[in-house]
Amino acid sequence: MAKDLDKSLLYKALKLLDARMGQKGIGPYSIVVCGGSGLIAMDLVARTTKDVDVVALMDADELLGDPDPLPDDLLGSAREIAPVLGLMDDWLNNGPSRGEGGLYRAGLPDGFSSRLKKEAFGANLTVYWVSRRDQIHFKLYAAADRGGYHVSDLKELDPSDEEMEQAARWAMSHDVSEGFRQILVSMLNQLGYEKVAERI
Amino acid sequence: MKKLLKEFKRHLLDTVLDFLWAQWSALGVPGHARSEQTRIVDPEALILLTCSLGRNDARLFDEMLDWISLHERLVQIQRLKNMARDEEFAGLPVLRAVGAWMGHNKAGVKWRRLMELDAAPAEAEALFCSRDGKPLPVVKKPDPGFERHGFLRDKVSLRRHAQIFDPELPSNLLIRLRAFFGVNSRAEVMTYLLTHERAGAAEIAQATYYYKRTVYNALSEMRLSGLLQLWEWGTENLYSPKGDLWQGFKASEWITWAPLFRALEYIWKFAESMQGGDIDEQLAATDLNVLIRDISPLLQKANLLGHLQIPTPGADKGYIDRGIGALKGILDLLVEG
């Protein structure tokens, strides 16, 4: 059974990935990471995760790029180190930005790239961690869509009313249906954001 | 860990070179004690491994040239090409140079077909290395034929002391039947049938590196001789040698050497990459795990996967110890028999 990534194992995996890329002459690559591993790396939520969710690529000019597909050589290196660290084969993936409905193609929040936190893991791999504010956007959208641990993460992020409203408006720009708005309103009420629910 | 990997590399090279000498010796190359092994030597697979790991022993390499000069009519060039391409042997550029070298005289015209293989290295490199990995310099004049194909070595000077293979040795069954049937698929087909209870065209084709259609046609025709027994197995026809006529040939043992030899090339590449400066334990573990992943299907193809005790991957030194132990188990296959 694959191991869960805590902060220590997450950093170990990313450092080993960088070293493996260097050994094979791959990269450099910069990836933008959201999801559980982003929350763990930024000390926003105390939990473990199974994978590293890449929401975008970043080029040398610090311009965001589509992560679907992720470069084969990057994925190959990630798969190669997985068994050694006991991780899932696809521990590095572009799940949140896969396909037309994915976050990257559907549109990232305004000012997204200016809020990223850059961290180099060596000469070959740089990770841009998604900010708390943008994680709230993604978590609210995911919570309304799928519920579950996304709701727990959202609660732990403890957004202000202003943050929650901004996130809700962004989420509604991705799913413009009345049904989705109603789910969002109901969830905001349940989470104690009645004023935000009223405003949207 | 560094010491372990260094010792493993030395053990690997010593074992492989001893094995190559033993196999060439069984085919008629002098200079090594001839063993009584029953495992059938495959000349084409042997040439391919000698074109890669054999570069660590210049004398062995030239004994191969001596042997193929004497037996060149018994080498199946198309099979050599199929095997080289199918398994992506590392020694293709060297094989190409050997083909050009053999093809320089009239008798060796068929060898020129090997020049259709992969291009030579971009920059000329030493053909031979010493056992410690250092390139052997050209002492006198470089051989122009090899130099043209990207390899620097002294001019080839054959000793011409290779002997015709001993047909009585069980390990020479394939080349013996090739001498009898001619250089075509029937020698391999019959060798395979003599060393297995029964087999069909697909299985034989995979193990012998002929096309399935070629083997199928050969079996169909050979059956007309009345010397093969046919067994219907579902939709497939299986064959076995009929009667007592072939009893005296059954002491030999078939091994599909080519995938095992390719696996040895992978293992060698791993061992070489683990030399030099500081070795990161986790990267070494990754390389080892990738190596085991790469060689597993090859060993499966050779029906030898059971000899690889695959350890559970980990980033610790214990994993590297266990992995090296597993690789040594593969090398033991070369010593047995």
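These legends go with a set of close-up views of a predicted model. Local features are shown where pLDDT is at least 70, side-chain atom pairs count only at pLDDT 80 or more, and totals for chains, interfaces and linings use all residues. Residues are numbered from 1 along each chain as its sequence is written, chains are lettered from A and ligands numbered from 1 in the order in which they are written, and side-chain values use heavy atoms, with hydrogens and water left out.

View 1. At the N-terminal end, B:Asp280 does the capping, with a side-chain oxygen 2.9 Å from the backbone nitrogen of B:Gln282. Just past the helix, B:Asn303 takes a positive phi of about 60 degrees.

**View 2. Where chain B meets chain A.** Eleven residues of chain B touch ten of chain A, contact meaning heavy atoms within 4.5 Å. About 950 Å² is buried between the two chains, 59% of it from carbon and sulfur atoms (buried area is the accessible area, 1.4 Å probe, that two parts lose on being put together, summed over both). B:Gln282, B:Leu283 and B:Thr286 supply 49% of what chain B buries against chain A, more than any other three residues.

**View 3. The salt bridge between the chains.** One salt bridge is counted between chain B and chain A: B:Asp287 pairs with A:Arg20, their closest N and O atoms 2.3 Å apart. The term covers a side-chain nitrogen of Lys or Arg within 4 Å of a carboxyl oxygen of Asp or Glu.

**View 4. A salt bridge within chain A.** Over all chains, the whole structure has 37 salt bridges. In one within chain A, A:Lys50 and A:Asp4 bring their closest N and O atoms to 2.8 Å. This pair links distant parts of the chain, 46 residues apart: A:Lys50 sits in the loop between α2 (35-41) and β2 (52-58), and A:Asp4 in the segment before α1 (7-24).

View 5. A cis peptide bond joins A:Gly27 and A:Pro28, omega about 10 degrees, with A:Pro28 in the loop between α1 and β1 (29-34). The bond from A:Asp68 to A:Pro69 is cis too, omega near 5 degrees, and A:Pro69 lies in the loop between β3 (64-65) and α3 (72-85). In the loop between β2 and β3, A:Glu62 has a positive phi near 60 degrees, though not a glycine.

Terms used:
Polar contact = N/O pair within 3.5 Å; in protein donor to acceptor, adjacent residues only side chain to side chain. Helix = DSSP H or I, 4+ residues; strand = E, 2+ residues; numbered from the N terminus.
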